[in-house]
Structures are given as structure tokens and as C-alpha cells.
Amino acid sequence: MVARLVIAAPSSGAGKTTVATGLMAAFAGRGLAVSPHKVGPDYIDPGYHALATGRPGRNLDAYMCGTGLVAPLFAHGARGCDLAVVEGVMGLYDGAAGQGELASTAQVAKLLKAPVVLVVDASSQSRSVAALVHGFASWDPEVRLGGVILNKVATDRHEALLREALEESGVPVMGVLRRAPAVATPSRHLGLVPVAERQAQAVEAVAAQAEQVRRGCDLEALLALARSAPELPDEVWSAEVAESPRTGRRPVVAVAGGAAFTFSYAEHTELLTAAGAEVVTFDPLRDEALPEGTSGLVIGGGFPEVYGEELSANEPLRKAVAALAASGAPVAAECAGLLYLARSLDGRPMCGVLDADARMTERLTLGYRDAVAVSDSVLAAAGTRMRGHEFHRTVIEPGAGPQAAWGLRQPERRVEGFVQDGVHASYVHTHWAGAPEAAVRLVGRCAAVGGPGA
């Protein structure tokens with residue numbers, strides 16, 4: 001059994017990431033093996049969680065992976081750990097639009113049978129905090145609200161008023177944090193700036209968050225609350241679900257990384273490896289050639305719009321990617337990868353694999369997607385249904401090729417993405433733990449196409 005806590009809030013912006021990351025780092029600093037988790041599809045927060053704990057940050061997404069996989073994926077990530085800290089998403093009861101509690105922090109907490117600690121931004125209230133906490137504690141009796149951490153508290157007098165009010169709520173105060181600029185993490189158009197782009201500053205920020213939490217929170221009470229969680233079923237997710245018989249050498253699958261391509265789920269690499277691939281990471285900002293023997297390519301999400309000039313300047317790699325795609329080798333690209341494969345991004349030349357141009361806009365596209373494969377591709381057979389997520393401020397024109405990747409059912413019906421030869425490129429992020437056959441299919445195509453690594 002792994003002791004566990006879910007860190008939630010009434011709404012976004014209350015300080016969940018600061019508190020969750022600070023708790024992870026503070027407990028890790030005490031010698032505990034801490035497993036970090038994030039509710040929802042977000043890629044950026046898990047990078048800070050990994051920095052705090054020294055372990056991969058893992059997502060728990062009930063929409064993309066299904067409710068039945070939440071606890072097994074948690075058990076997989078937390079195996080051998082003393083404590084797991086799960087950072088929530090948005091407000092405690094906010095989930096997939098129009099689908100009740102699905103994918104909410106509350107639903108994940110119930111699936112994990114984990115106590116919840118509510119982080120409350122107390123900067124503009126005093127006695128009203130008790131009514132707020134009472135409402136969250138009583139809304140769903142299956143959600144166990146075990147404590148409150150008050151954030152952005154101004155003075156000792158303010159703290160006293162808050163504590164006095166909360167005595168009537170029956171929910172204990174387990175921490176009080178003052179305003180502290182040193183713990184802040186800079187944001188931009190899609191949220192926090194990823195760790196990979198500010199490594200030294202990120203280390204300093206996580207250390208400051210840990211110190212703030214150590215000073216302001218009752219770590220013993222929080223650990224006792226975490227240890228009060230009951231046992232979970234023994235089912236543990238394993239990447240072995242993607243195992244398939246292979247003969248000969250393992251095909252090399254190159255996975256884009258570095259500062260421009262930071263969005264990836266840890267389970268993807270595990271699934272590719274289990275399916276028979278040798279996974280090698282490369283950095284499109286720095287490497288002028290693909291890894292030796294590359295038979296397939298995975299280019300995930302990130303911020304190519306921030307690094308457009310550098311990506312464009314690396315002409316040798318752009319040509320290598322275009323040549324690999326032209327050879328018919330499998331190429332799976334999501335969001336940032338889609339932009340990188342385009343003819344241009346904000347007027348700068350990209351790989352030219354797709355007959356399309358991309359540009360930055362002010363409009364945010366955000367939300368879960370219920371998708372059906374329109375065309376046979378290296379990831380899915382036509383008609384395959386998968387769930388995913390879109391999160392970008394760019395547009396690509398045209399939005400779909402002659403053979404589209406996905407037909408989307410909501411929020412509006414449309415087709416999007418590109419399938420051509422071995423290329424599958426789309427704005428839709430998917431989580432392969434919920435569709436391990438995607439990894440099996442991709443690696444199988446890599447082995448069939450051959451090349452030096454096959």
C-alpha cells in the first residue's frame with residue numbers, strides 16, 4: 001500500500017502546483033521515495049514534479065485512458081514508493097465539459113480512495129473561507145476532504161481570523177503559506193514555462209517551494225493523513241500489454257526531445273520499448289542528424305513557435321526528417337510535431353513534409369476530443385476510436401490533408417490532421433496507455449519498413 005494525498009483547490013490559480021511540488025520536494029528531502037502524479041492531460045507540471053522527486057511525473061487522465069486504468073496506472077508509477085502526491089486539475093469538481101464528474105480531481109480521488117487536501121487562496125477573504133470549505137467538503141460525501149492549506153495569507157492577524165472561522169467547519173488546517181515571490185514560476189501562452197527551458201531557475205524555484213512548505217505546513221499531519229488511505233486493488237498497469245513477438249534486431253524509434261519538444265507521457269516510451277523498439281531521444285534544436293539506424297520517428301508536443309528560428313536554422317536535420325518521411329518510414333507527430341512537419345511556421349521554413357503552413361494566433365484551442373481514425377495509418381486502422389486532447393494557439397492551413405487523420409465528434413464535428421504514406425500528423429494529443437495498440441502498430445510498421453536499425 002502506498003500512502004497518498006490528492007492536492008486540490010476550489011479553482012485554478014489557487015496555488016496547487018506550488019503546494020504539490022513543494023510537498024513532493026519537502027518529503028523527498030526527508031528521505032522518502034515520493035511518486036509524483038498529475039490529474040488530467042497537462043505535460044508541464046509533471047516536469048516540475050520530476051525535478052522535485054527524481055522520478056518521472058505521471059498523468060492520471062480518466063477521459064483519455066478510462067476510469068478503469070486510473071488506479072492501475074497510479075500503482076505502476078508509485079510502485080516501491082513511500083508516498084504519492086497527486087496534483088489535481090482546475091477546481092476539485094471540474095471535469096470534462098458536459099460529462100459530469102468525468103476526469104475531475106474528485107473522480108480520480110475516489111478511484112484512488114485518497115484523502116484530499118484543499119488549497120485555498122485566502123488573499124481576499126476571512127470568515128467566508130469556512131463556508132467555502134464546508135461547501136466543498138459536503139458536496140460529494142464520497143470525497144474525503146482531510147485538510148486545508150491556506151495560501152497567500154497576508155498577516156498573523158489574517159491567519160488568526162481564518163483559523164477561527166475554520167474551527168467551525170470541522171476540516172483541520174494543515175498549512176498556512178504567506179505570499180512568496182521566490183516560489184513563483186513564470187507563465188506564457190500555454191501555462192508554465194517548462195523545466196527544460198529554465199533548468200537552473202526551475203531548480204531554485206522548486207527548492208524555494210520546498211522551503212515554504214516546510215515552514216508553513218504540518219508535514220507530520222499530512223503524512224499521517226496520507227497513510228490513512230485504505231489499500232487499493234492489486235491490479236498494476238504494465239507496458240507489457242504492448243509486447244508482441246519480434247525476430248531480428250529491434251527497430252530504432254527516434255523520439256524528439258529538448259526544449260522545443262517537452263510534451264510526452266512516460267508510458268509512451270515504455271510501450272514502444274515493450275513493443276520491441278529501441279527508443280533513442282534526439283534534440284531537433286541541436287542534433288544535425290537523426291539517431292543512427294532510425295526506422296521510425298515520434299515527434300510529440302511542445303513549443304516550436306518559441307524556437308521557430310532555431311528549428312528552421314537546423315537545415316540538415318530538417319532535410320533528414322523529410323528524407324525519412326519520403327522513404328515511407330513511420331512518423332507519428334502530435335501538435336508541435338505537426339507544426340515541425342509543415343512547410344513553414346510563422347513564415348520560417350520547417351521540414352516540408354506536409355503541404356501546409358502554420359502560424360501563431362491569439363486564439364486558444366483547448367479541450368478533450370472524441371476522435372475516430374478517418375484513414376488507415378501507422379497509429380490506427382480506419383474506424384478506430386480514440387480519445388485525446390487539444391491545447392494550442394496556432395493554426396495550420398489547410399487543417400486536414402486529402403487523407404485526414406481524425407474525425408472529431410465534439411465540441412463540433414470536423415476532420416483534421418494528415419495521413420500520407422507513413423506519416424500521421426495531428427493536433428490531437430493521445431495517451432497510449434489507453435490505446436497500447438498504437439505503439440504495437442507503430443513498432444510493427446518500423447520493423448516491416450526495415451532500415452539500418454531493423
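**Helix 12.** I began with the face of helix 12 turned away from its buried side and found there the exposed residues Lys 319 and Ala 326. I note that the model is a predicted one. I then listed the buried residues of helix 12, which are Leu 317, Arg 318, Val 321, Leu 324 and Ala 325. Viewed down the axis of helix 12, these buried residues fall within an arc of 125°, so they line one face of the helix.

I also checked the length of helix 12, which covers residues 315–326. Its 12 residues, at 1.5 Å a residue, should span 16 Å, and the end C-alpha atoms are 16 Å apart, which agrees. After helix 12 comes Gly 328, with a positive phi near 90°.

**Strand 6 and its neighbours.** Is strand 6 enclosed or open? I counted eight buried residues among the nine of strand 6 (residues 145–153), so this strand is largely enclosed by the rest of the structure.

I next looked up the partners of strand 6. Strand 5 (residues 116–121) pairs with strand 6 in the parallel sense, over six bridges. Within this pair, Asp 121 stands opposite Asn 151 of strand 6. Strand 7 (residues 173–178) also runs parallel to strand 6 and is joined to it by four bridges. Here I found Arg 178 of strand 7 as the bridge partner of Val 153.

I then followed the chain between these strands. Strand 5, helix 6 (residues 128–139) and strand 6 form a right-handed β-α-β unit. A right-handed β-α-β unit is also made by strand 6, helix 7 (residues 156–166) and strand 7.

**Nonpolar cores.** Which members of the largest nonpolar core touch the most other members? Of its 105 residues, I recorded Ile 7, Leu 112, Val 133, Leu 150, Leu 222, Leu 272 and Trp 432. Helix 1 (residues 16–29) gives this core its largest share, seven residues. Apart from this core lies another, of 37 residues, and I noted Ala 254, Leu 317, Ala 325 and Tyr 340 among them.

I took Val 133 for a closer look. Setting aside neighbours within four places in sequence, Val 133 is in contact with Leu 118, Val 120, Leu 145, Val 148, Leu 166, Ser 169 and Val 171.

**Strand 16.** I traced the pairings of strand 16 (residues 357–373) in turn. With strand 14 (residues 344–345) the pairing is parallel, over two bridges. Ser 344 has Asp 357 of strand 16 as its bridge partner. With strand 17 the pairing is antiparallel, over 12 bridges, and Arg 359 stands opposite Val 395 in strand 17. Strand 18 also runs antiparallel to strand 16, with three bridges joining them. In that pair I found Ala 373 opposite Trp 406 of strand 18.

**Backbone points in loops.** I looked up a cis peptide bond, with omega near 0°, from Glu 397 to Pro 398. Pro 398 sits in the loop between strand 17 (385–397) and strand 18 (406–408).

I next examined two residues, other than glycine, with positive phi. Cys 335 has phi near 55° and lies in the loop between strand 13 (331–334) and helix 13 (336–341). Asp 421 has a positive phi of about 55° and is found in the loop between strand 20 (418–420) and strand 21 (423–426).

Are these residues buried or exposed? Cys 335 has a relative accessible area of 6%, under the 20% cut-off, and is therefore buried. Asp 421 has a relative accessible area of 68%, over the 50% cut-off, and is therefore exposed.

**Thr 273.** My last entry concerns Thr 273, which lies in helix 10 (residues 266–274). Leaving aside neighbours within four places in sequence, I recorded contacts of Thr 273 with Arg 250 and Val 279.

Definitions and conventions
Residues numbered from 1 in each chain as written. Predicted model: local features only at pLDDT ≥ 70, side-chain atom pairs only at ≥ 80, totals over all residues. Heavy atoms only, no water. Buried < 20%, exposed > 50% of the residue type's maximum accessible area, 1.4 Å probe, protein only. Pairing = 2+ DSSP bridges. Right-handed = clockwise from strand over helix to strand, strands pointing away. Expected span 1.5 Å × (residues − 1). Arc of directions from axis to C-beta. Core = buried A, V, L, I, M, F, W, Y, C linked by side-chain atoms within 4.5 Å. Contact = heavy atoms within 4.5 Å.
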